Structures are given as structure tokens and as C-alpha cells.
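Have the viewer open and follow along.

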2 protein chains.
Amino acid sequence: MTTQSQTHVPEPSTDIEMPAAAGEAATQLRGQEAIGDLGDRLRHATGGRYGQVRDLARAALPDETMVRDPELTVPEAREWTRNALRTLVEHGAAGSGFPIAQGGLDDVGRSCVDFELTSHGDLSVTVKSGVHFGLFGGAVTSLGNQWHHEHILPPIMSMDQIGCYAMTEFGHGSDVASLETTLTYDGETDELIVHSPTPSSAKTYIGAAAEDARIAAVYGQLEVGGQAHGVHVVLVPLRDPDGQALPGVTLGDNGLKGGLDGVDNGTISFEQVRVPRRMLLDRYGGIDDEGRYVSEIDGDNKRFFTMLGTLVRGRICVAAGAAVSSRKALSIATRYALRRRQFSAPGHDGAVPLLDYLAHQRKLIPAIATSYAHMFALNEIMERLQDLHEAPEKDQVAQRELETRAAGLKALTTRFANDTIQVCREACGGAGYMAENGLTVLRADADVFATFEGDNTVLLQLVAKGLLSDYQEMWGDLDMRGMVQFAARSIGGQFVEATAARPFVSRLIAAAARRSESETLLDRGWHLSMFADRERHVLETLANRLRKGAKEADSFTTFNAAQDHVLLAARTHMDRVVLEAFVAGIEACEDEEVREVLERLATLHALSSIEADSGWFQSHNRMSATRAKAVTAAINRLCGELRPGALDLVEGLGVPEAWLNSAMLTAPQRWTPGVA
Amino acid sequence: MTTQSQTHVPEPSTDIEMPAAAGEAATQLRGQEAIGDLGDRLRHATGGRYGQVRDLARAALPDETMVRDPELTVPEAREWTRNALRTLVEHGAAGSGFPIAQGGLDDVGRSCVDFELTSHGDLSVTVKSGVHFGLFGGAVTSLGNQWHHEHILPPIMSMDQIGCYAMTEFGHGSDVASLETTLTYDGETDELIVHSPTPSSAKTYIGAAAEDARIAAVYGQLEVGGQAHGVHVVLVPLRDPDGQALPGVTLGDNGLKGGLDGVDNGTISFEQVRVPRRMLLDRYGGIDDEGRYVSEIDGDNKRFFTMLGTLVRGRICVAAGAAVSSRKALSIATRYALRRRQFSAPGHDGAVPLLDYLAHQRKLIPAIATSYAHMFALNEIMERLQDLHEAPEKDQVAQRELETRAAGLKALTTRFANDTIQVCREACGGAGYMAENGLTVLRADADVFATFEGDNTVLLQLVAKGLLSDYQEMWGDLDMRGMVQFAARSIGGQFVEATAARPFVSRLIAAAARRSESETLLDRGWHLSMFADRERHVLETLANRLRKGAKEADSFTTFNAAQDHVLLAARTHMDRVVLEAFVAGIEACEDEEVREVLERLATLHALSSIEADSGWFQSHNRMSATRAKAVTAAINRLCGELRPGALDLVEGLGVPEAWLNSAMLTAPQRWTPGVA
């Protein structure tokens with residue numbers, strides 16, 4: 001390319017001190033900021049039930065497999081990703097969710113932790129793992145029967161056969177019920193005919209379809225004996241052992257994407273492809289030996305949603321991956337802001353570190369606080385996923401609540417990731433734009449988390465619909481609004497979600513109510529009641545609005561006219577769920593010093609949310625003008641209080657320094673003026 | 001890569017209708033939405049003084065040069081960019097800002113329009129053009145003398161010699177005054193010695209330094225006869241005609257970036273490189289034949305800021321480029337939202353187009369309205385730039401106001417671009433993530449606009465400081481707050497900026513004041529007074545806070561503690577400037593139908609800003625709770641009213657369809673279900 005020096009940084013033209021190694025640099029920084037091993041203790045406090053699994057993986061996964069050279073071309077990146085995944089799997093980074101009989105741990109919570117841990121590294125590897133083990137393997141595990149477990153899973157678990165998950169079609173992304181691919185049962189040959197009847201029915205964006213997948217879990221409309229039974233899933237071989245497409249299968253490559261260069265997304269269409277009947281994943285609905293459709297679940301709609309319930313794990317995984325991406329970006333940007341100095345100021349030795357500027361603190365520190373909140377919320381949902389999975393009796397209400405929260409948490413954390421990574425990129429200036437510093441690659445890769453496993457807007461609607469139907473079912477649908485009001489009144493004037501009331505929440509809220517406004521700004525009970533009250537009011541007025549609207553217009557028009565209100569209901573619900581998880585995490589923490597830091601972070605997180613919704617709180621008479629201003633002042637103060645421990649805070653986020661893949665953090669300090 | 005079909009979309013497996021061409025598709029859409037040639041008339045109304053220049057360029061610039069294949073490797077992209085720039089220059093896309101004597105037009109306003117027009121295409125070409133013609137050529141033109149114009153400019157204008165702009169150093173980005181590169185005058189040989197004394201003084205991120213640049217405009221600390229004179233600029237040859245680095249010059253390549261693959265950013269360091277004295281760009285300060293430093297400007301600081309004043313054009317260019325990027329993203333996402341349908345609904349023929357969903361409207365339509373606002377604000381500043389350039393007498397106050405606005409508009413439009421392009425990407429779902437659809441490349445390329453030509457946070461501080469010092473100078477600095485209050489009271493109780501009062505603003509505000517609150521929601525005067533009042537109050541309280549703080553702490557501590565307030569002052573100032581430019585643009589529009597559409601867009605833009613700051617307006621008693629809710633309802637209503645003309649609105653944004661470079665917009669409609 002150039003005819004001169006190819007180094008990324010010019011050779012120094014004067015004598016310089018020896019560059020400090022990465023570890024030394026951190027120690028040096030810690031020297032300035034030190035409060036002991038607080039970072040480790042913070043990480044411990046946020047580990048939850050799977051804390052030890054996480055710590056073991058942090059030690060076991062090889063550093064070189066967790067960082068990818070951003071300059072690889074797409075073909076090189078695909079090859080590297082393929083190999084990196086195999087290496088990580090050899091180190092135990094996948095497979096926890098498979099049945100014990102097949103050598104798994106039957107621990108679906110831990111399978112999300114597996115995904116989370118790989119996402120500390122290169123996200124192409126993570127997504128590649130998620131598609132193969134999580135989506136394909138998960139579909140076979142959850143929707144298949146014993147035969148599928150015994151015959152399909154072993155080569156999947158060993159990666160001798162790569163699977164893909166063929167749900168999305170050109171014409172149908174969010175609207176899965178309208179998929180056009182047909183799965184038609186032919187009783188004469190006892191086969192299913194898989195077919196793409198229109199151009200818009202071709203599968204697209206399917207991870208691993210372009211190169212690696214030998215077999216696909218194909219979503220389509222099942223027809224048996226001329227009767228439609230809605231969306232089902234069938235396993236269809238795609239390629240022979242040489243990688244050639246099988247007869248009737250047309251495969252394409254989606255080409256370059258906005259990121260995830262190592263993932264081979266592709267297109268698939270089927271021309272009357274026949275597979276034996278047993279390839280149908282028939283746990284919730286199948287075809288018996290007489291060629292009749294059989295299902296334990298009555299109603300296509302109910303069966304459809306039960307089958308889609310298997311998406312819950314994928315959504316938790318994506319939420320975890322997005323949360324890790326935010327933590328990684330914040331770790332990079334905060335460490336940089338401690339090293340990088342710009343502009344001198346009176347009373348400052350040398351130029352001022354970026355993190356000493358209030359505006360810079362406000363970019364990073366509240367986001368760190370929210371990252372802690374998300375860690376606790378994710379721990380809780382992963383543990384809940386496994387608890388419900390283990391439970392001998394299926395609890396339908398709890399299952400639906402889990403699905404709602406998984407959808408909501410996915411939307412929340414992926415929105416947060418896209419916003420936060422961008423803030424971090426900009427906070428590192430020109431250095432942030434260099435690929436070798438890790439932020440642009442991270443942003444490009446994490447971006448699509450907002451879309452896959454469910455578009456965020458669609459998922460938030462799902463959350464709101466879940467909340468509305470909970471009430472409807474619980475109280476009947478004659479007068480939804482009255483019922484919501486009754487539910488609210490019935491628990492001491494405070495709204496508490498029926499299925500997940502936590503004793504300490506009520507206690508803290510009640511305690512806050514006895515204090516005067518001037519005392520309560522930093523009071524957890526006040527935060528909790530603000531969040532709960534906002535949620536209750538938004539949901540109650542939404543229910544009322546929809547009920548009234550339904551008398552005047554069709555349901556689409558009514559719902560659509562309130563769509564911003566619907567999305568607000570979902571968000572405020574999830575905000576409350578996340579804050580309560582944070583508070584529960586603090587309640588469980590026994591390390592006093594750590595607890596104190598977490599309390600401060602929780603306050604900063606809560607006040608930031610209240611500040612962001614200041615307009616709502618004031619227009620609904622939940623907050624005075626004076627208090628609104630006090631909230632902003634308190635946030636600034638908290639940022640200043642937390643700033644000296646910033647390095648500990650990001651160490652507590654748990655991303656090992658060697659996995660940050662950011663050249664500017666290991667470059668010698670000498671690049672920064674004012675540092676000897 | 002794959003052994004099977006390489007097509008991006010699978011071959012259709014059934015008979016299909018012939019694909020509609022891009023133009024036909026648009027006509028088809030227009031058929032559904034038609035209100036005539038409104039798009040053209042909107043474009044005309046937003047063209048301003050340079051409207052015809054813009055229209056001519058839209059017709060002249062060759063389509064194939066305006067779109068880049070996103071799959072090119074970095075070396076290919078650099079080569080393509082180089083050639084594309086030459087082609088665009090042959091079609092007249094650069095050079096307007098050069099002196100008439102050298103064959104330019106001496107029209108710096110038009111030079112910004114040149115930049116704006118190239119940015120409709122590939123942004124690497126734009127940036128490459130901006131570095132060479134704008135930054136390097138602009139520095140020679142503005143900071144050089146007749147000799148430089150005659151000897152340096154001709155090979156620059158013909159592109160026989162490529163220049164680069166070597167300001168940023170590893171250790172010094174925003175803090176230009178602290179650059180470490182030394183420019184030391186050696187009286188014995190009548191030369192300047194250019195030197196990089198430390199590793200942190202090496203130049204970095206310099207566009208064209210890695211491969212193409214033969215000569216650099218180098219910023220460094222001038223020392224003459226042992227005395228320091230602050231930052232000056234000297235021209236330094238970098239490479240010989242074969243592209244080899246000259247003795248003493250070490251060049252490096254910054255490698256892969258977050259985008260702008262076609263731009264060869266690199267590093268430069270100097271080891272005692274000697275150049276003749278005349279290479280100093282000495283318009284504001286130089287060395288005479290006796291080897292003495294001479295300058296017409298007293299004081300290093302004042303001279304420094306005068307020289308940096310030449311950055312104003314670059315900032316306006318970046319603002320224009322960012323604004324075009326937003327317009328392009330909105331054009332793509334809106335056109336897609338008209339084609340793409342998802343979920344069926346009662347009363348809808350086939351599935352519902354995305355743009356019929358309220359949430360989707362709220363993602364795109366207010367952003368379209370703000371894009372119109374930015375177009376008018378940019379027209380105004382480009383015209384102002386040229387007016388001041390042409391004026392026989394230099395108006396220092398007007399010049400400083402221009403610099404303040406350029407900095408502010410750059411920060412505003414680049415923030416808006418990063419947010420908006422991301423919203424558009426997500427609004428197009430999985431398709432939005434495919435590189436061939438144009439959004440991810442656009443976002444990756446435009447991203448760094450937030451950083452270069454001044455980090456946004458630093459620029460907003462500059463704006464606030466400019467506003468504060470205006471008052472200080474105008475009224476003396478004994479009691480800044482009292483003066484601000486006096487200034488506000490002195491103009492009929494309304495704050496009007498002294499240098500740019502517009503008669504219609506006062507008239508509209510006065511008219512609104514006579515109406516009752518219930519009538520004024522859609523009243524322009526109310527919007528204007530809300531914006532002006534917000535700005536006045538924020539600035540007044542900031543001045544007061546800083547004055548009080550200065551008694552208690554050092555200036556850094558005081559200013560830093562108020563940094564969020566400082567940034568708010570800058571933003572609210574710019575919001576007011578932009579809204580007034582929008583209103584002025586409407587006042588100038590003679591097409592009644594177009595005016596009506598623009599009025600609606602201006603209302604949507606204004607209400608969206610008020611809604612976003614709802615917390616502030618309520619906590620400062622500028623808006624009641626009832627009104628806050630009414631604002632949200634009005635925004636929803638306006639989105640619905642503007643939706644039928646959405647295609648016209650994006651056509652009015654002026655990005656030719658052939659330049660959108662988005663495969664999904666030209667793909668046959670058959671990919672969308674529900675469209676015959």
C-alpha cells in the first residue's frame with residue numbers, strides 16, 4: 001500500500017522511556033486511584049449463582065481466541081471464526097443446555113452464561129455459537145423428541161455437523177405466523193415436502209447458511225391431509241459431506257454486512273424437498289403413524305406461541321451479549337479516560353485526565369451504573385429460566401412472565417448497547433475511530449442485536465401485550481381499568497406485580513412514604529415507588545385508552561394510535577423490573593464496602609432514569625420542579641463521588657483486560673502528554 | 001467461499017412478474033401517495049442562494065462515481081476513491097473557494113456547497129476532497145500570501161500534487177494550542193526547522209498522509225530568535241515524485257478505521273526537517289527579511305484564534321456532510337417503510353406498510369422535519385460565510401458570531417446524523433444491516449464527523465464561551481448577570497440576539513403573547529418564544545453561576561462543575577438559531593402549497609424539541625403539565641398528517657434516487673408480501 005514505514009505509529013524520534021506493559025499501566029493507574037481489590041469484590045458480588053462458572057471461564061478461555069484482528073477480510077474472518085469456535089468449545093464454552101443423556105448438563109441458565117462468556121470475545125464467534133448450539137441445538141432439544149435427541153444432537157454437540165435456524169423469510173421477519181414456506185405431509189410416501197412457493201418465502205439472513213450448515217431447522221406452515229396446522233419446524237439436510245447443496249436446495253450468500261464478518265449469513269430456498277416424517281420436531285404437534293395430525297395443545301394459536309416460547313433462551317442470550325458489549329465498551333472508554341489528558345488547568349499537574357471533566361463523567365459513569373443494574377437483572381432471569389426448566393410442574397403464569405421479561409430485557413439491553421458503545425467511541429475521539437482500539441468493531445458487530453431474535457419495537461409491544469393480558473386474564477375483561485385500579489389499591493396503595501412481589505420492595509417503599517420530600521432524594525424507597533408508580537399509571541391509562549378506543553374504531557386503529565403509549569408501558573415495566581433486580585442484588589451482598597458502592601451505583605442508575613423521564617414525572621405530578629432540578633444536581637455529585645474508584649468500577653464489570661483488544665490501552669503512556 | 005450459488009438472493013422457484021425498475025417503483029408508490037411534483041418544489045424551496053448550483057451538480061455528477069461497492073477491500077477502496085475524486089473534480093465538484101487569479105471563484109460559500117454535493121455520494125471521496133481542497137487548499141488560500149497562491153495552489157487545484165493538513169498530534173487533539181511540533185527559525189540559513197521533539201508530538205490521523213500526500217500544512221510552535229510566537233503553519237514536502245518519504249520524514253499508516261475505507265489516514269513525524277522561510281504561511285504572522293518576527297495582530301492568543309478562524313469553513317462543510325448523510329439515511333428508510341409491509345390488520349389490503357405504524361412514523365417523520373430545519377440553517381450559514389468574505393470591511397463581531405454558529409451547527413448536525421442513521425438502520429430491520437442496502441456503510445463513514453474538525457463536546461463549549469464573552473464585551477464584565485437581564489428587558493421583555501434580530505421573530509412572538517394557551521400550541525410565535533426564552537434563561541443562570549462560583553473556587557473548578565449547564569446553553573442557543581432559520585426560510589417561500597407543508601414540518605420540528613426538553617420547560621415553569629401532554633398528542637397527529645406525503649418529503653430532501661446505493665429499494669416489489 002505505502003512505500004514507506006508500515007507501522008501504525010511512527011518511530012519515536014527522541015529517546016523515550018521503555019513502554020510500560022499493559023498490566024503495569026493498570027497498576028500505575030490503580031496506584032493513583034487505589035481502593036484495594038474492590039474491582040474483584042465487585043465482580044464477585046455481581047456473579048450470582050453462576051459466578052464461579054464465570055470466573056472459571058475467565059481463567060480458562062485462551063486470550064488469543066477472544067480477540068480477532070479487525071483487519072481480516074471476510075473470508076479470513078469466517079475461517080478464523082470457525083476455528084475460534086472449535087477452540088472455545090474445547091475449553092467448555094458451549095453445550096450446557098443439552099440433555100444429560102447426550103452429555104450436556106440440562107442447564108439452560110448456564111447455557112446463557114456460556115453465550116455471555118463467549119461474547120466477551122469476538123461477537124462473530126458468539127453468534128456462530130448461538131446459531132449452532134443455541135438456536136439449532138436448542139430447537140432440537142426443546143421441540144424434538146427422544147429420537148431427535150439421540151440421532152441429531154450428538155453430531156451437533158461435537159460440531160461434526162453444523163446446523164442453522166431457518167425462520168426468517170424475505171417477506172416475513174417479525175411476523176412469524178405469516179411465514180410462507182410450506183411443509184406438506186405426503187401420506188403415500190410418509191414424507192414431508194418442504195417448499196418455497198414464492199420469492200418472498202425464501203429464507204434469508206440465516207447464520208451458517210452461506211457456507212457451513214449441513215442441516216437446517218426450517219419453520220413453515222404444516223399441512224396434513226389438506227388441513228393447515230400453523231407454523232411447525234422440520235429438519236432439512238442442506239449440503240452433502242462435500243459441502244454441495246442437495247437436490248432442490250438453493251443456497252446463497254447475503255454478502256457483506258454492517259459487522260459480524262465472521263458469520264456466513266445466507267439464503268435458502270426449497271423446491272419440493274422431501275424429508276422423512278420423523279424429521280418434524282413434534283414435541284408440541286406431530287403426525288402419527290396413521291398420518292393424522294396430533295397435538296396435546298388445542299388451538300393453532302396457542303401451540304404457535306408455545307413453540308415460540310423456545311425463543312426465550314435466545315433472547316436472554318442476546319440480552320447478555322449486548323450487556324457484555326456495553327461493559328466492554330465502557331471498560332475501554334473509562335480506562336482511556338483515565339490515561340488520556342487534554343488541556344491544562346490551574347491546580348492540575350500536567351493536563352487534565354478526561355475523566356476529571358464533568359461532561360465526560362456524565363457520559364460514562366451513569367452508563368456504568370446501568371450496566372451493573374443489567375448484570376443483576378440478567379442473573380435473575382437466567383436463574384429463573386433454569387428454575388422453571390427444572391420445576392416438576394409447569395407454571396404457565398411464571399413461564400409467560402419469563403417470556404415477557406426476556407423480550408423486554410433484550411430490547412432494553414440492546415438499545416442501551418447501541419447507545420453506549422457509540423458514546424464510548426466518541427468519548428475516545430479519533431483514537432476511538434481506529435479499528436485497532438476495539439470500539440468500532442464492537443459497535444458494528446453488536447448493532448444487529450437490536451434486530452435479531454426479535455425487532456426491539458416488536459418485542460416491546462409483546463411486553464405490553466403480556467402485561468395487558470395478565471390483567472385481563474386475572475380480573476376478566478369486562479372493565480380492565482377498574483380491575484387495574486383494584487389491583488393497585490389492594491396492596492397498600494402501592495402497585496406490586498402479582499407474580500413477583502418482593503418483601504423488601506414494599507418495606508422500602510413504605511419507609512420512604514413516611515419521610516418528607518427533602519429527605520428522600522437518595523432514598524431507595526422513593527426510587528422504587530417512583531418506578532412502580534410510573535409503570536402502574538402508564539399501564540392503567542393505556543388499558544383505559546384501549547378500552548375506550550375499542551368502542552370507536554377497529555382494534556388495529558386503536559392500538560396503533562396508542563403505540564407510543566404501548567411502548568412506554570413496556571419500557572417503564574422493564575425499568576422497574578431492572579431496578580428491583582438491582583436492589584435485590586444489593587440485599588444479597590454481604591460485603592459492606594462493596595454494598596456501599598453498589599448502593600451509590602443504584603442511586604445513580606435510578607436518578608438517571610428519573611432525570612431522563614423528568615418530563616413525564618412532572619406532567620403527571622409525581623415530581624416538583626424543585627425536585628427535578630435537585631435530581632440533576634445529585635447525579636453530578638454522584639458522578640464526582642464515584643470517579644475516584646472508576647477503575648475498580650470497570651474491573652467489577654468483569655471484562656478481563658487481555659480481552660479488551662484495544663491497542664490504545666496497551667500503548668505506552670508516553671503518547672499522553674503530562675504523564676512521565 | 002461457497003461451492004454453490006453466489007447470488008445474493010436465491011433464484012425464484014416459481015413464476016414471477018418482471019421486476020419493476022427503480023423509477024417505476026417510485027412512480028408506483030407515488031401513485032398511491034401522489035400530490036404532484038411536490039418533492040421537486042420542496043427541493044426548490046430549500047435550495048437557497050446556491051439552489052441552482054445544487055441542481056446543476058445533481059444533473060452533472062455521474063451516478064457511478066457517487067456510489068461505491070461496499071465490498072471493496074481497503075486498498076481497492078483507496079484506489080477507487082482516488083479515481084472517483086478526479087472524476088468528480090472534472091465535473092466541477094471542487095475548487096470554488098480558490099482565488100479568481102488562480103482560476104477559482106473566490107466563493108467560499110459555494111465551496112461548502114461543493115463539499116455538500118460530493119457528500120451525497122461516497123463519504124471517503126468527500127473527505128479526501130475536503131482534506132485536499134478544503135483543509136490544505138483552504139489553509140494556503142487563507143493563511144498564505146500572494147507567493148503561496150501563485151506557486152502552491154496551481155498544482156493543488158489540478159491535483160498534480162496532493163496536500164494534507166497536519167494539525168492533530170498523538171498527544172494533542174482538541175488542545176491545539178499545546179501542539180508540541182516545533183518550527184524553529186534558523187537565521188543563518190534563512191530556513192525553518194520542523195521537528196517532532198517527543199513521541200506525543202507525532203502527527204496522526206492525517207488524511208492522505210499514509211499514501212498520497214506530497215506536501216503537508218504543518219501546525220507547530222514557531223520560535224524566532226529564541227522567542228516563542230505560538231502556533232503557526234508551515235508547508236513541508238513529504239514525498240518525492242516517486243512517493244518515497246523525504247529525508248527526515250517518517251510516515252506511517254493508521255490502518256483500518258471504523259469507516260472511510262477510501263481515506264489513507266496516517267502518521268507523520270519530523271527529524272529536523274529544513275524548509276525555506278517562505279514556506280511559512282505568514283498572512284497573520286511571519287518573519288521579515290531581517291529575520292524578525294512580524295505580525296499585524298498583537299498578542300499570540302488573538303493571533304492563534306484568528307488563524308483558527310480559518311477552521312470555520314471546514315466545520316460548515318462537516319455540518320453539511322453530516323446533514324446530507326442524515327437526509328440520505330432518511331430517504332432510504334422512508335422509501336423502504338413505504339414498500340415493506342409486515343403484519344396484516346383489519347381494513348388493510350395485504351399486510352400493513354411499516355410507515356403506517358405510529359411508532360415507525362415517530363422514528364422517521366420528526367427526523368425528516370429536523371432535516372429540513374438543518375437545510376435552512378446550513379443555507380444561511382454558507383451564505384453568511386460568503387457575505388462576510390466578500391465584505392470590504394471586516395466585521396469582527398459578525399465573524400465571531402459566524403465561528404460560534406459554525407462550531408454549534410457542526411456539533412448539532414453530526415450528533416443528529418449519528419442518531420438518525422442508527423434509527424434508520426434499525427427501522428429497516430435485517431435488511432438495514434446488509435451492506436448492500438447502504439445504511440451501515442453510511443453510519444460507519446459519517447460516525448467520525450462527531451470527532452474531526454473539533455470534538456462535539458469541545459465545540460459546544462466553544463459556543464457557550466462565545467455567548468458568554470459576547471455579553472461580557474458588550475456590557476463590560478463588572479456584573480455579567482445584571483447586564484444579561486438588562487439586555488433581555490431592553491427588547492420588549494423578549495430576548496433577541498443583538499447581532500441578528502429578525503423583525504418577523506419579534507412580530508410572531510408578540511402575536512403569540514396575545515393568545516391564550518389553548519390556542520397557541522401550533523403557533524409559531526409560541527415556539528419561537530419558548531426557544532428564545534429557554535436560551536435566555538439558561539445563559540443568564542449560567543453567567544450568574546459562573547460569576548458566583550468564581551468567588552469560591554478556581555476558574556477550572558467553577559467551569560467544570562457547571563459543564564452540563566454550559567453544554568445546555570450551547571445547545572439551546574443553536575436550537576433557537578436553527579428554528580429561526582427554518583422560519584426565515586418559510587417566510588421566503590412563495591409557493592403556497594409548499595409553504596403549508598414547510599409550516600407543518602417546522603411545527604413538528606419545534607414541538608419535538610419542546611417534547612424532548614419537556615422536563616426543563618416544566619421545571620422552569622414554562623409549560624404546564626396539561627400542555628406537555630398536548631405537545632405529545634400534537635406530534636402524533638402531525639406525523640399522521642404528514643405520512644401520506646412522505647415520499648414527497650424525502651424527495652424534497654434532494655438526494656437523487658440513483659445515489660442512494662441501496663439494493664433493497666431497487667429489488668423487485670415481489671419480495672414484499674401483499675404487493676402484487
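Are A:Lys128 and A:Asp212 buried or exposed? Both of them are buried. Keep in mind that this is a predicted model, and then zoom in on that pair. A:Lys128 and A:Asp212 form a salt bridge, with their closest N and O atoms 2.8 Å apart. A:Lys128 sits in helix 7 (residues 123-143) of chain A, while A:Asp212 is in the loop between strand 4 (203-207) and strand 5 (215-224), so the bridge ties together parts that are 84 residues apart in sequence.

Salt bridges with shared partners link A:Arg78, A:Glu79, A:Arg82, A:Lys128, A:Glu211, A:Asp212, A:Asp253 and A:Asp264 into one network. As a general point, side chains of opposite charge can pair when their charged atoms come close.

Now hop over to chain B and look up B:Asp264. You'll find it in the loop between strand 7 (249-253) and strand 8 (265-270) of chain B. Its relative accessibility is 0%, so B:Asp264 counts as buried. What is B:Asp264 in contact with, leaving aside its neighbours within four places in sequence? The list includes B:Arg78 and B:Lys128, along with a run from B:Ile206 through B:Gly207, B:Ala208, B:Ala209 and B:Ala210 to B:Glu211 and B:Asp212.

Back in chain A, there's another bridge to see. A:Arg41 pairs with A:Glu593, and the closest N and O atoms are 2.8 Å apart. Here A:Arg41 belongs to helix 2 (residues 38-45) and A:Glu593 to helix 22 (residues 592-612), so this pair ties together parts of chain A that are 552 residues apart in sequence. A:Arg41 counts as partly exposed because its relative accessibility is 23%, and A:Glu593 also counts as partly exposed, at 37%. Over all chains, a search of the whole structure turns up 96 salt bridges.

Next, pick out A:Asp107. This residue lies in the loop between helix 5 (74-90) and helix 6 (108-118) of chain A. With 15% relative accessibility, A:Asp107 counts as buried. Its side chain makes a polar contact with the side chain of A:Tyr50 at 2.8 Å, and a polar atom of that A:Asp107 side chain lies 2.9 Å from the backbone nitrogen of A:Arg110. Not counting residues up to four places away in sequence, A:Asp107 touches A:Tyr50, A:Ser96, A:Gly97 and A:Gln386. If you'd like a distance across the chain, the C-alpha atoms of A:Asp107 and A:Arg292 are 34 Å apart, and these two residues are 185 residues apart along the chain.

Zoom out to the whole of chain A. The secondary structure comes to 26 helices and 13 strands. Of its 676 residues, 62% count as buried. Looking at contacts with a separation of 6 or more, 74% come from residues 24 or more positions apart.

So how do the chains meet? On the chain B side, 113 residues are in contact with 112 residues of chain A. Between them the two chains bury about 8,700 Å², with 55% of that on carbon and sulfur atoms. In chain B, B:Pro199, B:Tyr433 and B:Phe556 lose the most area to chain A, together 8% of what that side buries.

How many salt bridges are there between chain B and chain A? The count is 8. One salt bridge joins the side chains of B:Arg425 and A:Asp447, at 2.7 Å from N to O. There is also a salt bridge between B:Arg362 and A:Asp564, with 3.7 Å from N to O. That pair crosses from helix 12 (residues 358-390) of chain B to helix 21 (residues 563-587) of chain A. B:Arg362 counts as partly exposed, given its relative accessibility of 22%. Across the interface, 54 residue pairs are in polar contact. Sorted by class, the side of chain B that touches chain A has 40 nonpolar, 46 polar and 27 charged residues.

Finally, the symmetry. Rotate chain B by 180°, with 0.0 Å of shift along the axis, and it superposes on chain A with an RMSD of 0.0 Å. That is the relation of a two-fold axis. In chain B, the C-alpha nearest the axis belongs to B:Gly615, 1.8 Å from it. The same surface serves both copies, as 99% of the contact residues of chain B recur in chain A.

Technical notes:
Residues numbered from 1 in each chain as written. Chains lettered and ligands numbered in written order. Predicted model: local features only at pLDDT ≥ 70, side-chain atom pairs only at ≥ 80, totals over all residues. Heavy atoms only, no water. Contact = heavy atoms within 4.5 Å. Buried area = accessible area lost by both parts, 1.4 Å probe. Salt bridge = Lys/Arg side-chain N within 4 Å of Asp/Glu carboxyl O. Polar contact = N/O pair within 3.5 Å; in protein donor to acceptor, adjacent residues only side chain to side chain. Nonpolar A, V, L, I, M, F, W, Y, C, P; charged D, E, K, R; others polar. Least-squares fit on C-alpha atoms with pLDDT ≥ 70 in both. Helix = DSSP H or I, 4+ residues; strand = E, 2+ residues; numbered from the N terminus. Buried < 20%, exposed > 50% of the residue type's maximum accessible area, 1.4 Å probe, protein only.
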